[in-house]
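Hello,

Here is the structure I promised to pass on. Please open it first, then read my notes below.

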Amino acid sequence: MRSDGTLTPRGRGEIIFYRGAAGPVTVGAFLDAAAALAARLPEAGHAVNLCGDRYHALLGFAAAVLRGHPTLLGGGPGAAPAFLDMAARNYPGAYAMVDQERPGTSMPLCRVDAPSAAPAAGWPAIPPDRVAAIAFTSGSTGQPTAHIKPWGALVQAAEAAAQRFGLREGAVTSVVATVPPQHMYGFETTMMLPLRAAVAIHSGATFFPSDVRDALASVPGRRLLITTPLHLRALVAEGRPLAPLAAVISATAPLPRETAEAVERDWGTPMLEIYGASEAGSMASRRTVEGDRWLPYPGLKLRPGVATVPGIGEVALSDALEFDPDGRFRLMGRLSDLVKLGGKRASLAELNRTLAGVQGVIDGVFVAPEDLDSNPTSRLTAYVVAPGRSADDILGALRGRVDPAFLPRRMILVDALPRDAVGKLPKRALAALDP
Amino acid sequence: MTTQDATALQAQSADLFESEVARLIVGALSLEIPPEEIDPEAPLFGEGLGLDSIDALEMSLVISKTYGVQLRSDDERNHRIFASLRSLAGHIARQRAG
């Protein structure tokens, strides 16, 4: 089923959300609410989705698609002020979709959860080339790079995922997800999947291990947990039983093999992983215990350095890929200076530029420790030359300009950085500065 | 024992427990700051100690392992629980007792 001009081809009676005490929501009720909300949106603009509740987040996204407004991904209830400023500055008519009070927001607000009047007549068909979402990555240019997501491309990706994970056969699968819907992985799995596959999303809190256990116990049928290595590590380490699962999916960073083995053994369920990137979306999957090779999604073409994504075209990859003759591939490390933490990525070059822009900083550099990918408590270190300024001063200046995950956990103030003749900083020389 | 004595004793044991939780957090998160230097009234997240959501997950794990206390997001008091070391230690102590 290619983009058919509607938000969803699903039957109106199927369940699309489990909203805890508010009860289940059918596809029909959801579509009516989205059509009514679309009528309340501004004439033109760009939607910044800051909703914390998954139901509100999808309602907002669906209404924006009907209305022809691209949704800027990267928000969420804890959106960084720098992201909101960028959205307001670069996107005409940017407005924020919210489901709670948000005083001091620098753009017009639209309450997604406010009651809407009865829906006007139906909205026109959604053309496949309509820009439904824009994802952002931090590049080395100092400005976030925008990645356009046409509706047709998102539909094809969701249908490829549904096929890969067997989400179109038989009964509706209940999805409990720990990833925010405004992050590319969470967007694909908890915003697009419920529209294009037979899944119902749990909309309550899922942050702490006890939240996840309660959420899984509260939904019926075939259960799918969509999460990250960080959450899985905590859930496995706690060692408490979970409701029966049909599968667990993880993405954002490679899952340690021991965690995958523990999930398969302790929960009796397949542990699957998705390989993806904000630029291209989900590209491949694997069952971790079967080996380190990834199987590309149907319809997607991969070659070293480049993905060809249906509806989007060629996208440069930031990982080195090594292919086997059967089309499966291995990840062989990063091609760029990107660092990943908690599912977010940043460019070291851009972080260094931000640091250099802090008043009083003469020179400075961010360093990623060797164990950044494997140790959840591992964070960046910064070496800074800033006579007369304290580490707290500099940290205070970085807050709001740098995502909290990338703020340096150790800040080492030095008299000078050990730059060599060409201005480079050998790692060993830097390490020698540690107190 | 007078009521005043009892209150003083209680306050003292709360202080001790606070330092214990501080040591636990600093150890679990490999923080650079010595536990005794954490301001018990300062925010744990954002400004103050500067923790983030990855740390919150790690903290929930070590708190569950050590005290058998489960942190939950839908807890209405969550904002207050994580407001400072003092409020977090108080929450753990109450949950453990209850």
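**Cores**

The largest nonpolar core has 77 residues. Phe30(A), Phe61(A), Trp151(A), Phe187(A) and Met283(A) have the most contacts inside it. Helix α2 (residues 54-67) of chain A gives the most to this core, namely 10 residues. (A nonpolar core is a set of buried Ala, Val, Leu, Ile, Met, Phe, Trp, Tyr and Cys residues joined through side-chain atoms within 4.5 Å. Buried means under 20% relative accessible area, exposed over 50%, partly exposed in between, with a 1.4 Å probe and protein chains only. Helices (H or I, at least four residues) and strands (E, at least two) are DSSP runs, numbered from the N terminus.)

A second, separate core has 28 residues, including Leu29(B), Leu44(B), Leu51(B) and Ile81(B).

Some ground rules. This is a predicted model: local features need pLDDT of at least 70, side-chain atom pairs count only at pLDDT 80 or more, and totals for chains, interfaces and linings use all residues. Residues are numbered from 1 along each chain as its sequence is written, chains are lettered from A and ligands numbered from 1 in the order in which they are written, and side-chain values use heavy atoms, with hydrogens and water left out.

**Where the chains meet**

The contact (heavy atoms within 4.5 Å) takes 25 residues from chain A and 28 residues from chain B. Together the two chains bury about 2200 Å², 53% of it on carbon and sulfur atoms. (Buried area is the accessible area, with a 1.4 Å probe, that two parts lose on being put together, summed over both.) In chain A, Phe208(A), Thr377(A) and Arg409(A) lose the most area to chain B, together 27% of what that side buries.

The rule finds 6 salt bridges across this interface. (A salt bridge is a side-chain nitrogen of Lys or Arg within 4 Å of a carboxyl oxygen of Asp or Glu.) Arg410(A) forms a salt bridge with Glu32(B), with the closest N and O atoms 3.3 Å apart. On the side of chain A that touches chain B, α6 (209-218) and α7 (229-238) of chain A are the elements that give two or more residues. α7(A) gives the most, with 6 residues.

**A buried arginine**

Arg286(A) lies in strand β14 (residues 281-287) of chain A. Arg286(A) counts as buried because its relative accessibility is 11%. Its contacts, leaving aside neighbours within four places in sequence, include Pro254(A), Met271(A) and Trp294(A).

Best wishes
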